[in-house]
Every structure is written in structure tokens, then in C-alpha cells.
Amino acid sequence: MMKKAVVTALLAALGMTGTNAFAADTELNIYSARHYQTDEALYANFTKQTGIKINRIEAKEDELLERVRNEGANSPADVFITVDASRLAKADELGIFAPVKSATLEARIPAHLRTDNWFSYSTRARIVVYNPELVKAEQVQTYEQLADPALKGKVCTRSGSHPYNLSLGAALIQHDGAEQTEKWASGVVANFARAPKGGDTDQIKAVAAGECGVAIANSYYLARLMNSDKKDDQAVVAKIKAVWPNQQSWGTHINVSGAGMLKHAPHKEAAVKFLEYLASDEAQAYFANGNNEWPVVAGVKVDNPALEKLGSFKADTLPIGDLAKTVADAQKIYDRAGYR
Ligand code: FE
């Protein structure tokens, strides 16, 4: 009982709990590195359905991981949510997750989008966006083509050390080999229109402005612009075209948002309930409609004009849990290529 008292005091000090942390789960503590406003509705709906109150700590990925590790066995965190497979894998490597065995999750989430310890709930594609006044469609149909000298001075991306680009590099290594990927990275760097800066939306806008001929961006950034009723955003969309890269080969690289239950979760029952809730039709629709991502569960009805307009594509089927195996190699390759 001593331990319980100490832990309860700690939890209270953290403002993470009421008095019932150890009774039947009436609360759930979520550490989230997702930063999308629409996630609010996701949480509120879970509480409405289950009566389980959600306490949420939002911070940057590394801060949350640091926090979980420092808290150790006393951590109040039940569920960790973040975006990008490489980040989820990193969390997993740190040993913070507990395995979750759930028939519901196994039935609803495709095998290549889950691991024993964490689950994907939405996918986003790393697409190519180009300015048809500056490059031809046939020049930018694959990631590999972005290294083609014909695109010299035309390519823009965000930083090579950003997880989105590292995950792409990790996929390239697994499909094309390390040697080819290193040549690719050097070729892309040689083709830069400018040194990497800004986020994916900035790349799309720079393509529209003609500063870059072609760029890489996550699909939801484009979908957000497409769904925007701001004149400026519509003007950007009108200037550019989007490509699903690698349709004739291994498919467009996708990444995920995901979550896992923490090893020391004080509310394990509620945590599993929440993980299962995220795979429900309703929660899946929130991901699609709120943040312009695709549901991982097949057949979920989506009501999103931009996603509808973008249509369907052939996605890479590489197991998402395997991407992390080559992320460190991708980083080394990028470093040598000067892809900062
Ligand atoms: Fe993002």
C-alpha cells in the first residue's frame, strides 16, 4: 500500500488523476505528440462512449519520451501517441511499450500496419508535387527521378534529418539498396533549388511560386490546402500538380500515426479500450475527415472532398515496423550526401 500511496501522491502532483487511479479505470492518461486540433473530438467521443476521462499531456516527441523514461515505473502515462513510424519504433526500442494482444485490433488493422507493441491508425503518403510550367509530368513519376540531373536546380524538400524524409530514405534503402540510395541522396542534393528549409507546406507553396519545380510533401498538407477556402491556398493549389510516386514499382511511400500502451500504464484496461476505440469506424473517420489522413481500417466511410479528389493509389506494403531498421542507415547516408 505504501507504493500505491506514493504513486498516487506523485500522480496527484502531476495533476494527472483524481482519487480513483487504482479503482476500476475511470481515467486514462495519454501522452501525445500529435498536435492536430481535430484530435479533441476523438478524445471527447471516447469519454462520451465509455465514461473514462482522458487526461492529456501534449509535448514534443523527445520531451515525452524523456519524461516517460524519467518517470520509470511511476509513470502515469497509459498510452503514447505520435506520428511517424520511425518515432514509434524509436519509442519501442527504448522499451516503453507493453505488448497488446487484441482480436479487435488484429481484425481491423492490416498486418503490415501494426506490430506487437504499437498500432497504426492512419496513413499519409509522401507525394511529389510539381509545377507544370517548370517540369514535365514524366520527369517526376518516381522518387528515384528526383536525383536525375535533368532536374538540376529544381528540387525542394524540408530538412533531410526530419523523420518524414528519414523514413522515406529508410524505405528507399529497403527497396533500392543502400548504395543506390546514397547515389540518390547525392543526386537530390545536387538538384536542390535551395537549401532545405521550412515544412512540407512551405515546399508546396514554393513550387506554386516557381521557386522550386518539384517538391516532396506529405499528402495531408496538400489536402489541407485543397480543402481550404482561403483564396491564397486555392491559388497555390491551382498552380501545382500532384503525383503518386512509384506506381509502376514498389508504390508510394506511406507513413502513419500510431499509438501503443505503456509498460507501466496504471490503467491498462482503459488503455486497451482506447487503442481499440481508435480503430472504430467513428474514430477512423475522425482521422480522415479531421486531419486529411486515410483510415487504416478498410471500408470506413470518409467524407473529405480533397481525399476524394486525390483518389486512390498503390501504396508501399513494406511492414511499417520494419522501416525503423534502416532509419539509422538513412541518416548516415544523408549526412554523407550533405542532405541536412
Ligand atoms: Fe506533419
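Phe97 counts as buried, because its relative accessibility is 5%, where buried stands for under 20% relative accessible area, exposed for over 50% and partly exposed for what lies in between, with a 1.4 Å probe and protein chains only. The model is a predicted one, in which local features need pLDDT of at least 70 and side-chain atom pairs count only at pLDDT 80 or more, while totals for chains, interfaces and linings use all residues. Residues are numbered from 1 along each chain as its sequence is written, and side-chain values use heavy atoms, with hydrogens and water left out.

The structure holds 13 aromatic pairs, a pair being two rings of Phe, Tyr or Trp (its six-membered ring) whose centres lie within 6.5 Å, with planes under 30 degrees apart counted as stacked, over 60 as edge-to-face and the rest as tilted. Two of these pairs are set out here.

| Pair | Centre to centre | Angle between planes | Class |
|---|---|---|---|
| Phe80 and Phe97 | 6.2 Å | 45 degrees | tilted |
| Trp294 and Phe313 | 5.1 Å | 55 degrees | tilted |

Phe80 lies in strand β3 (residues 79-83) and Phe97 in the loop between α4 (85-93) and α5 (103-108), so their pair ties together parts that are 17 residues apart in sequence; helices (H or I, at least four residues) and strands (E, at least two) are DSSP runs, numbered from the N terminus. Phe80 is buried, at 0% relative accessibility.

Trp294, in strand β9 (residues 294-295), and Phe313, in the loop between α13 (305-310) and α14 (327-337), are 19 residues apart, and their pair links distant parts of the chain. Trp294 is buried at 13% relative accessible area, whereas Phe313 is partly exposed at 22% relative accessibility.

Tyr43, Phe46, Phe274 and Tyr277 together form one aromatic cluster.
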